[in-house]
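Hi everyone, thanks for making time. I'd like to walk you through one model today, so please have a look at the screen.

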Amino acid sequence: MATVEAKNPIAKTALYAALIGISLVFALPLLWMVSTSLKPEAQTLTTPPRWLPDPVTDLPKNAIDNYVGRTTEDGEIVARGVLNDPVIDFPLYLRNTLIVAFLNVTGMVISSAVIAYGFARVKWRGRGVMFALVLATMMIPFPVLMAPLYVIFREFGWIGTFKPLWAPAWFGGAFQIVLLRQFYLTIPKELDEAARIDGCSHVGVFLRIILPLSKPALAVVALFQFIFVWNDFLGPLIFLQHRDQFTLALGLQLYQSQAGNVPWNLLMAASTLILLPVLILFVLTQRTFVEGIATQGLKE
Amino acid sequence: MSSSAAVKQAKVPGRRIPEWATGVLFVSPWLIGLLLFMALPIGLSFYYSLSDYTVLEPPIFVGTANYERLASDPVFWKVMRNTILYAAISIPVGTILALIIAALLNTNVKGLTFFRAAVFLPTLVPLVAAAMVWMWLFNGELGLINTALGFIGITGPNWLGDAAWVMPALIIMSLWSVGQAVVIYLAALQDVPTSLYEAADLDGMGVVRKFLNVTVPMISPVILFNVIMAIIAAWQVFAVPYIMLGDGVERAGYFYTMYLYDQAFRFLNMGAASAMAWVQLVIILALTGLTFIISKRAVHYRA
């Protein structure tokens, strides 16, 4: 690691000041989001803005009101929160998102792992050309394909089902194939050559040698794909039709499109909730994340 | 078990599938996907772009009418202008900002993990949530940004309600997600050999000159890759302005992909949508090619 050193104490202080300032600016929107989500509605509109609710001791009560909501035993809503909202069914959208994410991520990991093996370990005529084609498809953005894809999925009878959101993932993704192929190439060839000589087929080498050694790379693919599905807005917007099939990203938008009168504290609570799983994943796997992103950009 | 060359050549019994077929079998899911979800839609969209097609009735061939209509459609030129303006400002500014932050992090600072996390985290925020948060921040009366501006005596504009301020607002927001580029640049910076900096020190170069003359050339391939990806991404900008603005506020935040979406799914005009898709495809390929050609001299590839 070739880092540059700041030796001069003044330069050092300036450096830390700059970094702390930058971090604060980047964190501020998210801090403000969480702060707003913990206030009662009336206090979201005060000037100057307050970072903590007044009185501060109300914080747990506000959190329960805004996030969980309060319902009496006979089902009457005392406090409208994100989770007990009668119109925007957050738990249902969560369930839908998890179903789509599970089917999509599983498909993407399995198919890309298999496909990458064909590009990294089997020699065949046209492999180079095909791999160049994989790279080329990375330049084709989804919006270019979305109108005809809608027509195709409509022919399949898939519109209004989850299928358009996960089935294509079972045919691999360009980024994922490239990433896994790069990883396979770092595995010593001697390992599988020895196995091949011992009579192991390609399928055997793939299952018994390559896959077990590739767990970290497969985890990166799964992680990124999960985040992608979790955050995807355009796909569900185009292919889902009924409100009870919505994913979280689409459901969250209902708060905004429904009416201008949704209080900011609820909007921010819902936004915090949708960010939370991603945040937890990031904290748990920060190194994997950073390395995954870095290798993505570094292939020259 | 023998591992002699003779055994290797004799081939193991039971392995009857030839090598090339095995390769094709392994990549076959991708080949099917390529045909079904890439080649077929691109082909179909070319055909639709030359047709009158509403999805509900079969397409009728109309030649280049869709393209001609687009060429004389003021909304088309408006979204084109908005998209180009957004890309032309947010990409250079974002790249420079990302490089500066990466350079600041590429020192022997303590707490690197924390600073990097703070900068990177916004890129993970679901776009819908990000749009909500920034709508709240940009709120003309009660938003945090205008309140902060008020403290230093500036009356902030009604960002998302004023056509003149919509684009600056969206560009400011785009800078919030430079974190991905920062992480990539930081990794590239850490790969630059120390010996080069030592040589630069001997030549008496200052910090800024070292950055411009050593660092930037050394990581130029990474910058190029990122810029190309950013150009492609700019043509796909959708969720944030769709949620914040739609085609309102004098269409000041109406982007190319939003109009394409509206053509296809609001007006059910698949012909126009497909023509827009083809224009977009050609532009992206041309821009990428152009970036490569221009940078051929500027980019330094390590042997």
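Let's start with chain A, where the C-alpha centres of domain 1 and domain 2 of chain A lie 33 Å apart. The contact between them takes 10 residues from domain 1 of chain A and nine residues from domain 2 of chain A, where contact means that two C-beta atoms, placed from the backbone, lie within 7 Å. Domain 1 of chain A covers 9-79 and domain 2 covers 90-298; such bounds come from an automatic or database domain assignment.

A word on conventions before I go on. This is a predicted model, in which local features need pLDDT of at least 70 and side-chain atom pairs count only at pLDDT 80 or more, while totals for chains, interfaces and linings use all residues. Residues are numbered from 1 along each chain as its sequence is written, and chains are lettered from A and ligands numbered from 1 in the order in which they are written.

Now the overall build of chain A. It has 14 helices and two strands; these are DSSP runs numbered from the N terminus, H or I with at least four residues for helices and E with at least two for strands. The radius of gyration of chain A is 24 Å, well over the 19 Å from the globule rule for 300 residues, so the chain is more spread out than a compact globule. For the record, that radius is taken over C-alpha atoms, and the rule is 2.2 Å times the number of residues to the power 0.38. Along its principal axes, the C-alpha trace of chain A spans about 75 × 65 × 35 Å. Among contacts in chain A between residues at least 6 apart in sequence, 68% join residues at least 24 apart.

How much of chain A is buried? Buried residues make up 38% of its 300 residues. Here, buried means 20 or more other C-beta atoms within 10 Å of a residue's own, exposed means 12 or fewer, and partly exposed is in between, with C-beta atoms placed from the backbone.

On to chain B. Its domain 1 is 12-65 and its domain 2 is 72-298, and the C-alpha centres of these two domains of chain B also lie 33 Å apart. Nine residues of domain 1 of chain B are in contact with eight residues of domain 2 of chain B.

The two chains meet as well: 87 residues of chain B are in contact with 86 residues of chain A. Helix H2 of chain B, residues 19-49, gives the most to the chain B side, with 18 residues. By class, that side has 64 nonpolar, 19 polar and four charged residues. In this scheme Ala, Val, Leu, Ile, Met, Phe, Trp, Tyr, Cys and Pro are nonpolar, Asp, Glu, Lys and Arg are charged, and the others, Gly among them, are polar.

Let me finish with one residue and one helix. A:Thr36 lies in helix H1 of chain A and counts as buried because it has 26 C-beta neighbours inside 10 Å. Not counting residues up to four places away in sequence, A:Thr36 touches A:Thr44, A:Trp264, A:Asn265, A:Met268 and B:Trp136.

Helix H6 of chain B, residues 127-138, reaches 16 Å from its first C-alpha to its last, close to the 16 Å expected at 1.5 Å a residue; the expected span is 1.5 Å times one less than the number of residues.
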